[in-house]
Amino acid sequence: MTDSSTELSLYEKPRRRVVPALALGFVVLLVGAGVGWAASTVLTPAKDVLDSTAFTFVEVVDGEVGSSISLNTVAEWTPVPVGSNQASGTVTSVAIAAGDEAKQGSILYTVNLRPVVVAQGSIPAFRSLELWTEGADVKQLQAMLSDLGFYEWTPDGEFDYATYWAVRAWQESLGLERDGVVQSGDLVFVPSLPSRLALDTDVVKRGASLGGGEAVVKGLLPAPTFEIPVTESQSSLMPNGTRVEITNGDAVWEAVVVDRETSESGETTIILAGADDSVICGEECSTIPVTGQTLLSSRIVTVETVSGLVVPSAALLSGADGIISVIDSEAVAHDVTVVTSARGMSVIEGVPAGTRVRVPASGE
C-alpha cells in the first residue's frame with residue numbers, strides 16, 4: 001500500500017524550491033534598476049543656475065550711492081532756576097523777555113515801581129546792605145558797582161564809605177532815592193553774567209503780587225537740546241555716530257547721534273550732540289525760540305554717500321570662497337570689491353566703466 005503522505009511530499013518539495021528562485025530573480029532586477037537610476041542621477045551634471053535664470057545686462061556707470069531718512073528734530077531750551085525774588089508788592093513792569101541776555105546791573109522787573117536788578121554772585125540776596133555791613137554778599141555788590149563804573153576799588157566785602165557813595169550814585173542812575181541802602185529786594189544774584197535769562201511768567205507779570213522768596217529767574221543752558229523721536233525700526237538704522245544734518249532756515253547744522261532713551265511707554269528718543277563736542281547751533285542758537293519746542297527738518301544719513309562705479313546690487317555674485325564677482329556680456333567673471341551698498345545699488349571696484357554686466361531679469 002502506497003503511503004499517501006509520502007507521495008504528497010514528493011510533489012510539494014519541488015514547488016517550495018521554485019518560488020524562492022523566482023523571488024530572487026525579481027529582487028536582482030529591482031536592484032539593477034535602482035543602481036542604474038542612481039548612476040544616471042549622480043553622473044548627470046547639475047544645471048548652471050546662471051544658465052537657468054533669465055537675465056538682462058546693465059552698464060557699469062559713474063554715480064553715487066547713499067541712503068538717508070528725513071525726520072523732525074525737536075530743539076528745546078532747558079531753563080534752570082538761578083535766582084529768587086525778595087521784593088514784596090505788586091509787579092508794575094517786566095523789563096526782559098525770555099531769552100534776553102542780561103548783564104551786571106540789568107533791570108529784570110519792577111515791584112511797586114522800584115527796579116529789581118540782576119547781579120553776579122553765588123550768595124543769594126537775603127538782607128539789606130548798608131554802611132558797615134560785611135560779608136560775601138557785600139563783595140558781590142561791590143563787584144557789580146565796579147563793573148558799572150561806580151566803584152573804583154578792589155571788592156573786599158566791607159560796606160565802607162567808598163561803597164556807600166558808590167551805592168548812592170547807582171541809585172541815582174535808577175531814579176531811586178539816594179539813601180545808600182540796598183534793600184534785600186533790590187538785587188537778584190545769579191551764578192554767572194552775562195547770561196540768557198527767562199522769568200517765570202506765571203509768577204512775574206504785570207499786576208501780580210509777590211511776597212518774597214519766589215524762584216522767578218531762570219537761566220538757559222548754553223545751548224538747546226536736540227532730540228529726534230523715532231520708532232524702534234528707525235532707531236535700529238541710527239547707531240551712535242550716525243550723522244544728522246539739521247536745517248534751520250538757510251543754515252544747516254551738523255550733529256551726530258550720541259545716545260537714545262526709551263520711556264516706560266516704549267517711545268524712543270534719539271539724543272544728538274555737536275560733532276567733536278561742539279555746539280550744534282554754534283553762534284546761531286539765538287534763532288531757536290526759548291519757549292516751547294521747535295521742530296526742525298533733518299536728514300539722517302544712514303549710509304554716507306560714496307561716488308564711484310555703480311551697479312545694481314543684484315549683479316553681484318558671491319562665491320563659496322566669499323569672493324564677489326560680476327559676469328560680463330561675454331560670460332566672463334570679474335572679481336570686484338564692494339565699496340558701499342544702499343537701496344539696491346552698489347559702488348564697486350574691479351571693472352572699468354562701460355562694462356555690461358548680468359542682472360537677473362525682473363519679474364522672472
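Me: A residue counts as buried under 20% relative accessible area, exposed over 50%, and partly exposed in between (1.4 Å probe, protein chains only). Why is Leu113 called exposed?

Reply: This is a predicted model, in which local features need pLDDT of at least 70, side-chain atom pairs count only at pLDDT 80 or more, and totals for chains, interfaces and linings use all residues. Residues are numbered from 1 along each chain as its sequence is written, and side-chain values use heavy atoms, with hydrogens and water left out. Leu113 has 69% relative accessibility, so Leu113 counts as exposed.

Me: What makes the phi of Leu113 worth a note, and where is Leu113 found?

Reply: Its phi is near 70°, a positive value in a residue other than glycine. Leu113 is found in the loop between strand E6 (107-111) and E7. Helices (H or I, at least four residues) and strands (E, at least two) are DSSP runs, numbered from the N terminus.

Me: Why is Arg343 called exposed?

Reply: The relative accessible area of Arg343 is 63%, so Arg343 is exposed. Arg343 also has a positive phi, near 50°, in a residue other than glycine. Its place is the loop between strand E20 (337-342) and strand E21 (345-349).

Me: How do you know that the span of H4 is close to the expected one?

Reply: The expected span is 1.5 Å times one less than the number of residues. Helix H4 (residues 161-174) has 14 residues and reaches 20 Å from its first C-alpha to its last, close to the 20 Å expected.

Me: Which residues of H4 are buried, and what do they pack against?

Reply: Thr163, Tyr164, Ala166, Val167, Arg168, Trp170 and Gln171 are buried in H4. The buried residues of H4 pack against strand E7 (114-120), helix H3 (136-147) and strand E8 (187-190), where contact means heavy atoms within 4.5 Å.

Me: What is found just after H4?

Reply: Gly175 takes a positive phi of about 80° there.

Me: How do you know that E17 and E18 pair?

Reply: Two strands pair if DSSP finds at least two bridges between them. E17 and strand E18 (residues 324-327) are joined by 2 bridges and run antiparallel. The bridge partner of Ser318 in E18 is Ile324.

Me: Why do E17 and E19 stand at the edges?

Reply: The 3 strands form an open sheet in the order E17-E18-E19, with antiparallel pairing. Strand E17 (317-318) and strand E19 (333-335) each have a single partner strand, so one side of each is left without a neighbour in the sheet.
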